[in-house]
Amino acid sequence: MATLNVNGQKHVLSASPSMPLLWALRDVLGLTGTKYGCGIGECGACTVLVDGSTERSCDLTIADASESSVTTIEGLSPTGAHPVQQAWIAEQVPQCGYCQSGMILAAVRLLRSHPKPTDAQIDAAMSNICVCGTYQRVRAAIHRAAGQ
Amino acid sequence: MTAHRAPATGISRRGFLVSAVVAGGFAVGFASPLSGAATRAASAAGQSAASVNTWIRIGTDESITVLVGSSEMGQGVYTSLPQLVAEELMVDWARVRAEAAPADPLFANPGTGAQLTGGSMSVRGYYTALRTAGAAARDMLRQAAANKFGVALADCVAANGVVSVRGTANSASYGQLAGLAAALPVPANPALTPASEFRLIGKPLQRLDVPDKTRGAAVYGIDVRVPGMQHAAVVHCPSVLGTLASAGPKPAGASAIVALSNAVVVVAATTWDAMQAARQLRPSWNIPAAAGNLTSETISSQASQLMKSATPVVAESVGNAPAAITGAARTIDVTYQVPYLPHAAMEPLSCTASVSAGQCELWAPTQAPGFAAAAAAAVCGISADKVTVHTTLLGGGLGRKFETDFVVQAVQAAKAVGTPVKLTWPREQDFGHDQYRPMALMRIRAGLSTSKTITGWWDRIVSPSILFQRGWIPAGANDSQATDGATELAYGISNRLVEYVRHPAAIPVGFWRSVGNSLNCFAVESAIDELALAAGADPIAFRLGMLSADPRSAAVLRAVAKAANWTSPPAAGRARGVALTRSFGSIVAQIAEVSSPSAGKIKVERVWCAVDCGQVVNPDIVEAQMQGGIVHGLSAAMWGRTTFERGVATPVNFDDYKVTRMRDMPIIAVTILASSQPPGGVGEPGVPPIAPAVANAWARLTGTRKRSLPLQ
């Protein structure tokens, strides 16, 4: 038995503690906003916040996260009213949208450490892949959120 | 919801206009005789069949639901298509919702006759049909108000979802009128709003799908969960030509393994368990000797040999190009090469299937729901109308989700194990078992006159054929997909010869965003640039000199030149290149500005893009598609390549497959030209010009011409 604290809620899971957090979230807890993209920590589609830091949830086991507080896209704001989410809507960032949960959480983390990030800081922090090519709007949305 | 009455019908161009009262609303659309799939989908939804065979539902809560026949894969059709309906229906955008249409010929794209999302055809194909459906509904609601208040139709004005009677205080909302309207005959030729009065068409309305995509609430194929479902992963024969000899024993952690012709599906309690068990699988494969030839170097040498000695098919011939080139004052003879490319959509292939006696239900991120239904029906031995397809959102399609291989596997697995199964392809399988953008070798010979105009143009393309591999064209026929972008050039050249030689390599090839244009635009626009250099001409002036018969293309080139301030030189250490495409009913020109931070390294600093896509429906979506097309094309131009060793593909994941990331991003500026021409496509034409624009800029910066992709 393993436990997880996700979006402020405690869960007891019968899954193996060696299961990656990604699959515990998606297939066991039904939180499908966190996406599978590569399974090797490269693409960032599975990004979640673990004790406030961005982590690629495919690279972390349930056991690794069991003592921590995990925030997924579903837990960022109950109504989607987080300033980063609102900036994403204002800039009409998503196209297919598949990578955007991870993008948004990476941006949330960036803005906590750098409330007014420079373009260079955005380049360094935002390593997530978006095949649709929404990067320019992601950058605009981060600047917009930083201005609020 | 339940139907209260049979549909009233009227003849329309494509079938019948049908209306029906449904409890709580009213529906209108173009209908053809009901198919089984739609009928069953209707029953499942608790609605009458007639109500489902519609584009539009109006609820008593004043909601407007538009059924969208195209798949939403990021290109914005869940917004742009409802926008067409809302324009004519005279409703607030805030009330409009989009819903995936079921797989049914009724929802076929009028532009293609099929319910396929591809060829940048969604807005182009549905433009008139959806406006007509919206206008018909609007006029029926007006007539309902006329009857209700005992006034003339001409006195009933529809606006903001309410019909008001001119000169009186009488009015009724669409929700209140829906039941009355549905009892009325459907007008066959309702008046469409003139372009000068558009309220919504041409406006940058916010996308209907964006809020859910910021909350993790959007449901893609990979997110589907159905009761009793098991999860599955697939392992294919490493070589694209191999078949399964033996699946071997069932690994621990798997509930079942399902042996397929060239793969094994591993079924388990979670996707992770299935992927882990798949790694423990010890299958044996039959790999035919022919796989030995499927090595990239071999395929390239075969292409060179075919270029020299094969008899080509003529794709286009005007005048006498070889003679004109022989007699030219100056000639070029250059060969370009592009590699196989994977699609690498962010959402790996996934499909959920449920099979029961005589029925099949699919939840799939598919660009071709009708093909998916037919493929599932064949597996189950039932007719396609016994298959219900729920088209989910697509986490990128790019042409890959047009295919049905992943659908067939999910159905085979569900049929074998007796429970619903969600199949997810591990990323390595998605990269390694794609239906790749074909490689190509393109030789262009051309002649310049003493007055520095092109007198002859001879382009010979050697490339595997997507259409031949599928049996859609016979051997010896031209593959129009392979030559798209090489024929019917915008430029006025009096002697032209475009030839095609089919490369027989058995690597599976498929439709990749912009298809033949992705290879031909690179060769053609690079060669035009080489000719401009040879002529000592400015690359834009040189092109404009050949565009007197195509003022739209000329205007796009001028617009991009103006945006980039082309006549002023770039900063020291930078150079610019230009390229033009006329594809998918639109014209796009791009200027790339590049630098070289270290020897041989290309950095794309800025891209200016101008597009004429005819009547614009949503300029914000057009801009996004240009931005996205540039980024996608840039990834391919700079780094994209799949290589093969005896039929085994590499790379197989993003650690080894570089794509554009934030740090690589140029600053992109998009100019959209106003036009009253019919709508053109926007999903694909942003892709082709970026590769030649960057290569042309690099040639200017360094004096070195790169004729092979990827550039880095």
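What percentage of the 712 residues in chain B is buried? Buried residues make up 59% of chain B; a residue is buried if 20 or more other C-beta atoms, placed from the backbone, lie within 10 Å of its own, exposed if 12 or fewer, and partly exposed in between. The structure is a predicted model, in which local features need pLDDT of at least 70, side-chain atom pairs count only at pLDDT 80 or more, and totals for chains, interfaces and linings use all residues. Residues are numbered from 1 along each chain as its sequence is written, while chains are lettered from A and ligands numbered from 1 in the order in which they are written.

Chain B holds 19 helices and 29 strands. Helices (H or I, at least four residues) and strands (E, at least two) are DSSP runs, numbered from the N terminus. The C-alpha trace of chain B spans about 80 × 70 × 45 Å along its principal axes. Its radius of gyration, taken over C-alpha atoms, is 27 Å; this agrees with the value near 27 Å for a compact globule of 712 residues, where the rule is 2.2 Å times the number of residues to the power 0.38. Two residues are in contact if their C-beta atoms, placed from the backbone, lie within 7 Å. Of the contacts in chain B with a separation of 6 or more, 76% join residues 24 or more positions apart.

One open sheet of chain B has three strands in the order S7-S8-S9, with antiparallel pairing. Two strands pair if DSSP finds at least two bridges between them. Strands S7 (156–159) and S9 (171–173) of chain B are the edges, each pairing on one side only. S7(B) and S8(B) (residues 162–165) are joined by four bridges. Ala158(B) has Val163(B) in S8(B) as its bridge partner. Helix H4 (residues 122–149) of chain B packs on this sheet and touches S7, S8 and S9 of chain B. The direction of H4 makes about 135° with that of S7(B); axes are lines fitted to C-alpha atoms, for helices over the stretch in contact, and angles run from 0 to 180 degrees between N-to-C directions.

The contact between the chains takes 45 residues from chain A and 48 residues from chain B. Several helices of chain A each supply at least two residues to its side of the contact, among them H5 (100–113) and H7 (135–146).

His82(A) lies in the loop between H3 and H4 of chain A. This residue counts as partly exposed because 18 C-beta neighbours lie inside 10 Å.
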